[in-house]
Amino acid sequence: MAGVAECATGVVMSFRYFLYVSDSKVDMLLPQIDPGFAARRTTEFGVNLPMVAAKRTTEPAQPDRFARLERVVGHLQDFGDLGTIDEPGQFFAGVLPMSSGALPDGGDASLVFFGGGNDRTVVGLGGSVRHLLGSVPGIDVAQAASSLPTMLDRLGAGSELEDEQLVDAIGDVSGRSHRAALTTVHQAVRRLQGPAQNLEFVAKRLLHGSGPGGVPVLLGSPIYVALVD
């Protein structure tokens, strides 16, 4: 659980407890942001009879995963297209009460899904269980949700929305595919069970637009999700 601590100055500090960190996204973005951060210079000495040779190489390093994460998030905050829940950019950040877990009635066990919203926007975050901290071994990560079409298929697997209801929700045929996807996300968030927790996140925007009843719907693939006070 998240907690607080009082410093000597009397200031109360809030802590984040990471639930989900996408190392694959960090590994993809970090070399584009700061190539030197992900590599280290090493010197190798080799002795070959009378000759002593020194060889310098550049190798991938494994710095602390959270230092790498903070470097990526810091760059997005300072220079990237990082928006809010209501006005997302290429990426978006926020803090929301959200429920999480497996979807009922056919939800895929390789997909972790967080859902919630504020008084304006419905928000869903979906990704692979392999990025959960302390995830259970044995999940077929090769089949984990990794793309928007795959995620939408799996979110909609347990939906109670019938074809007739879907047509009504979508309205005219133009833009049907996009609005059908938004409706799928909206329904998936509604189907989540369990208590909501206050979660902080930064995510890549996958889908954004007007869903059922004109309510904005936002779907993202998280870089991280953390429990906060």
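Strands E10 and E11 form a hairpin with five residues between them. In the turn, Gly213 has a positive phi of about 70°. Strands (E, at least two residues) and helices (H or I, at least four) are DSSP runs, numbered from the N terminus. The model is predicted: local features need pLDDT of at least 70, side-chain atom pairs count only at pLDDT 80 or more, and totals for chains, interfaces and linings use all residues. Residues are numbered from 1 along each chain as its sequence is written, and side-chain values use heavy atoms, with hydrogens and water left out.

E11 spans residues 216-227. It is mostly covered, with 11 of its 12 residues buried. Buried means under 20% relative accessible area, exposed over 50%, and partly exposed in between (1.4 Å probe, protein chains only). Two strands pair if DSSP finds at least two bridges between them.

| Partner strand | Residues | Sense | Bridges to E11 |
|---|---|---|---|
| E3 | 17-21 | antiparallel | four |
| E9 | 122-128 | parallel | four |
| E10 | 197-210 | antiparallel | 11 |

Tyr17 stands opposite Leu227 in E11. Leu125 stands opposite Gly220 in E11. Val202 has Tyr224 of E11 as its bridge partner.

**Helix H2**

Asp64 caps the N-terminal end of H2. One of its side-chain oxygens lies 2.9 Å from the backbone nitrogen of Phe66.

Buried residues in H2 are Arg68, Leu69, Val72, Val73, Gly74 and Leu76. An α-helix has 3.6 residues a turn, so residues three or four places apart point the same way. What covers the buried residues of H2 includes strands E3, E10 and E11. Helix H1 (23-33), strand E6 (82-83) and strand E7 (91-101) are also among the elements that cover them.

**The whole protein**

The protein has five helices and 11 strands. Of its 229 residues, 39% are buried. Contact means heavy atoms within 4.5 Å. Among contacts with a separation of 6 or more, 64% are between residues 24 or more positions apart. The protein exposes about 12,500 Å², and carbon and sulfur atoms supply 53% of that area. Accessible areas come from the Shrake-Rupley method with a 1.4 Å probe.

Methods. A polar contact is a pair of N or O atoms within 3.5 Å; within protein, one must be able to donate a hydrogen and the other to accept it, and residues adjacent in sequence count only if both atoms are side-chain atoms.
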